[in-house]
Amino acid sequence: MTDTTLLSLTELTERTGLSVRTIRFYRSRGLIPPPIRRGRAGYYDAGHVARLELVQELQQHGFTLGAIEKYVAQLPEDASPDEIALARTMVAPWEEDVPVEMTKEQLDARSGRELSNEDIATLHALGLVRRRRSSYLVNGSQLSSGLRLLELGFPREVALASAAVYQEHGEQMAKELWDVINDQLAPLYDDAEPAHLREIMLRLRPLSIGGLVSAYESALTRGARTFRRRG
């Protein structure tokens, strides 16, 4: 987007579907930079649009405002729209398992019983259920595993502790992987169309998650063997 295609605030709201109030709120939290000044008027470019689309993507995946702020803060201030689009590719779901929106009654029916607040909190800690206003976003393909854990008496405290481990090491892994891609992969395709690199990322994702799962299972197996030897 060049200077001839700068957007006014009204045009930005039409482009992104966000309200003026929301855009100003995001600006106050540092999620987008200040508008570009042309005299007394402020305008927005492709970088502003890309950052707002990234924020919307993160929200759709259940990121809290604080988590979104941390993620956006890792982007270089001069990140191009294409670089921001690549960041969106990185946070897109690794599997095509779109969360299903359910009411509490629908969730209870799917579970076969009325879930308590403690049950909901445990499922949330397991990453299977997220509150969305008066309804829930539910990971349908893995819900049955979570419900079985509830039947087995799986404690909420362990779910929360596990979630903390995933969060801490997941953020570190994401940062290191981003550094590898940004420093070693992206420069190889500087002269290619942006869509070319994004397709590479899409093809790489299932292979990356497969490698992560394999490493995780190997580590668990080693840990189990150590535990048995100590016993």
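Contact is taken throughout these legends to mean heavy atoms within 4.5 Å. The model is a predicted one, in which local features need pLDDT of at least 70 and side-chain atom pairs count only at pLDDT 80 or more, while totals for chains, interfaces and linings use all residues. Residues are numbered from 1 along each chain as its sequence is written, and side-chain values use heavy atoms, with hydrogens and water left out.

**Figure 1. Overview of the protein chain.** Ten helices and five strands are found in the protein chain. Helices (H or I, at least four residues) and strands (E, at least two) are DSSP runs, numbered from the N terminus. Of the 231 residues, 29% count as buried; buried means under 20% relative accessible area, exposed over 50%, and partly exposed in between (1.4 Å probe, protein chains only). Among contacts in the protein chain with a separation of 6 or more, 61% are accounted for by residues 24 or more positions apart.

Figure 2. Helix H7 spans residues 117-125, and its buried residues are Asp119, Ile120, Ala121, Thr122, Leu123 and Ala125. The cover over these buried residues includes helix H6 (104-111), helix H8 (143-151) and helix H9 (156-185), together with strands S4 and S5. Just after H7, Gly127 takes a positive phi of about 80°.

**Figure 3. Crossing of helices H7 and H8.** Two packed helices are described by the angle between their axes and the distance between the axes. For H7 and H8, the axes come within 10 Å and cross at roughly 130°. That angle makes H7 oblique to H8. Axes are lines fitted to C-alpha atoms, for helices over the stretch in contact, and angles run from 0 to 180 degrees between N-to-C directions. Angles under 35 degrees count as roughly parallel, over 145 as roughly antiparallel, 65 to 115 as roughly perpendicular and the rest as oblique. The crossing of H7 and H8 is right-handed; a crossing is left-handed if the near helix is turned anticlockwise from the far one by less than a right angle, and right-handed if clockwise. Asp119, Thr122 and Leu123 of H7 make the contact with Leu143, Gly146, Leu147 and Leu150 of H8. These residues divide into four nonpolar, two polar and one charged, where Ala, Val, Leu, Ile, Met, Phe, Trp, Tyr, Cys and Pro count as nonpolar, Asp, Glu, Lys and Arg as charged, and the others, Gly among them, as polar.

**Figure 4. Crossing of helices H3 and H4.** The axes of helix H3 (residues 46-60) and helix H4 (residues 65-73) come within 10 Å and cross at roughly 140°. H3 and H4 are therefore oblique to each other, and H3 passes H4 in a right-handed crossing. On the H3 side the contact is made by Arg51, Leu54, Val55, Leu58 and Gln59, and on the H4 side by Ile68, Tyr71 and Val72. The residues of this contact divide into six nonpolar, one polar and one charged. Leu58, placed in helix H3, counts as buried at 0% relative accessibility. Leu58 and Val72 lie 14 residues apart in sequence, with a C-alpha to C-alpha distance of 9.8 Å.

**Figure 5. The sheet of strands S3, S5 and S4.** Three strands form an open sheet in the order S3-S5-S4, with antiparallel pairing. Two strands pair if DSSP finds at least two bridges between them. Strand S3 (100-102) and strand S4 (129-132) are the edge strands, each pairing on one side only. From one strand to the next, the twist averages 30°. Strand S5 (residues 135-138) is joined to S3 by three bridges. Across this pairing, Val100 stands opposite Val138 and Met102 stands opposite Tyr136. In a regular strand the side chains alternate between the two faces of the sheet. Both faces of S5 are covered, with Ser135 and Leu137 buried on one side and Tyr136 and Val138 buried on the other.

**Figure 6. The hairpin of strands S4 and S5.** S4 and S5 pair in the antiparallel sense over four bridges, and Arg132 stands opposite Ser135 in S5. The hairpin has two residues between the strands. Arg133 is found in the loop between S4 and S5 and has a positive phi of about 55° although Arg133 is not a glycine. With a relative accessible area of 72%, Arg133 is exposed.
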